[in-house]
Amino acid sequence: SNPEKFENYYEEIGSILHEYVGEGQSILDCGTGEMTTLCGVISKIGKELDEIYAFDISVSRIDMGRRFFRKNIRSRGMVNYFVANMSSIPMPRSSIDVVWTSHAVEPNSNKAGEIIGEILRVARQKVLLFEPSYEKNTERGRKRMDRLGYVKGIPSKIEKRGGSIEDIFELDSTLNSLNPTHAYVINPEKSANGASNIESGSFICPITGKPIYDMGGYFFSDNSLIAYPSIDGIPLLRDRHGILATNFHVDTE
C-alpha cells in the first residue's frame, strides 16, 4: 500500500551494504522471510557479488520468497536459499564476507545472544544488523517492544559474544516510527578464532559442525552419517530435519 516507503528502506540498506561489501564477495541474509527485503536491496548494492545466501526457519516462506524473487529479479540461480535456525547456522566459521539481518533478531529475545554469536561466527569481514534499539527508542516505543517481547540490549550481547561495534546509527527510512531501525556495524574478528578449513560457501551439519555434501535430492554428512532432505530444491538444514542414514556412504556393489 506504500511502496515508496519500502523502496526508501531498501535504498538505504543497499547503500550501507555497498559501503562494506566488495566486488566479488559473498553476503548472507539471516532470517530472510519471503525475501522481499533481499529482493529490494540486491539491485541497490550496485556491485557484482560472488554468492548470495539467504535462509529462514520456514520452508513455506522460503518457497514464497523464491517465487517472489524470480518474478521481480527474473533470475533463478541468483540466490542460494535454504532452511535453517538462526541459532545454528549450517555454514563454516568465517565463510561469508558480510552477514546481515533486517529485523530478524528482533522477535528472538530469548535467543538473541546465541543468534548474534552464530552470525559473528560465520562472518569473515563485517556484520550489519538492521534491528531496533530498545535503549534509543522513545518511551512509547519501548513499551511497545516490551509488550511484543522484542529484543533488548543488542550492544551488550554483541560485545559478550566477542564482536567489536564500529558504529550504531538510526536509519532515515524507518518503516515504523515506534520501532525505528538502527544499523549496528560490527567487526567479527574477536570471535573468528581463525577461518574454517572447510570451503567457503559450503554447508555443515548443524549437529556436528562437519561438512555435508549435496548428493542430489539430499545433503549427507559422511562424518555424522546424517542426511538432510530437500523439498523442490530447498535444502532443509535444521537439526530436526536430520535423518540417520548409516549406510548411505557404503558402496554395496
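Where in the chain does Leu-225 lie? Leu-225 is found in the loop that runs between β10 (218-221) and β11, where helices (H or I, at least four residues) and strands (E, at least two) are DSSP runs numbered from the N terminus. The model is predicted, so local features need pLDDT of at least 70 and side-chain atom pairs count only at pLDDT 80 or more, while totals for chains, interfaces and linings use all residues. Residues are numbered from 1 along each chain as its sequence is written, and side-chain values use heavy atoms, with hydrogens and water left out.

**Nonpolar cores**

- The largest nonpolar core has 34 residues, of which Leu-28, Phe-82, Met-91, Ile-119 and Leu-129 touch the most other members; such a core is a set of buried Ala, Val, Leu, Ile, Met, Phe, Trp, Tyr and Cys residues joined through side-chain atoms within 4.5 Å.
- At least two residues of this core come from each of β1 (26-30), β2 (51-56), β4 (96-102), α4 (112-122), β5 (123-132), α6 (154-160), β7 (181-187) and β11 (226-231), and the largest share, 6 residues, is supplied by α4.
- Leaving aside residues up to four places away in sequence, Leu-129 touches Thr-101, Ile-116, Ile-119, Ile-154, Ile-158, His-182, Ala-183, Tyr-184 and Ile-186, contact meaning heavy atoms within 4.5 Å.
- Another core, of 31 residues, lies apart from the largest one and includes Cys-39, Val-83, Phe-130 and Ile-234.

**Helix packing**

- Helix α2 (residues 36-45) packs on helix α3 (residues 59-73) at an angle of about 30 degrees, with the axes 9 Å apart, the axes being lines fitted to C-alpha atoms, for helices over the stretch in contact, and the angles running from 0 to 180 degrees between N-to-C directions.
- That angle makes α2 roughly parallel to α3, given that angles under 35 degrees count as roughly parallel, over 145 as roughly antiparallel, 65 to 115 as roughly perpendicular and the rest as oblique.
- In this pair, Thr-36, Leu-38, Cys-39 and Ile-42 of α2 meet Phe-68, Phe-69, Asn-72 and Ile-73 of α3, a contact with 6 nonpolar, 2 polar and no charged residues; here Ala, Val, Leu, Ile, Met, Phe, Trp, Tyr, Cys and Pro count as nonpolar, Asp, Glu, Lys and Arg as charged, and the others, Gly among them, as polar.
- Helix α1 (residues 3-20) and α2 pack at an angle of about 55 degrees with their axes 8 Å apart, and the two helices are therefore oblique to each other.
- The contact of α1 with α2 has 6 nonpolar, 6 polar and 3 charged residues, and among the residues that meet are Glu-7, Tyr-10 and Leu-17 in α1 and Thr-37, Val-41 and Lys-44 in α2.

**Loop residues**

- Most residues other than glycine have a negative phi.
- Leu-225, although not a glycine, has a positive phi of about 60 degrees, and at 22% relative accessibility Leu-225 counts as partly exposed; buried means under 20% relative accessible area, exposed over 50%, and partly exposed in between (1.4 Å probe, protein chains only).
- Asp-232, also not a glycine, has a positive phi of about 50 degrees; Asp-232 sits in the loop between β11 and β12 (234-235) and is exposed, with a relative accessible area of 62%.
- Pro-92, in the loop between β3 (79-83) and β4, is buried, with a relative accessible area of 1%.
- The C-alpha atoms of Pro-92 and Lys-210 are separated by 8.6 Å, and these two residues are 118 residues apart along the chain.
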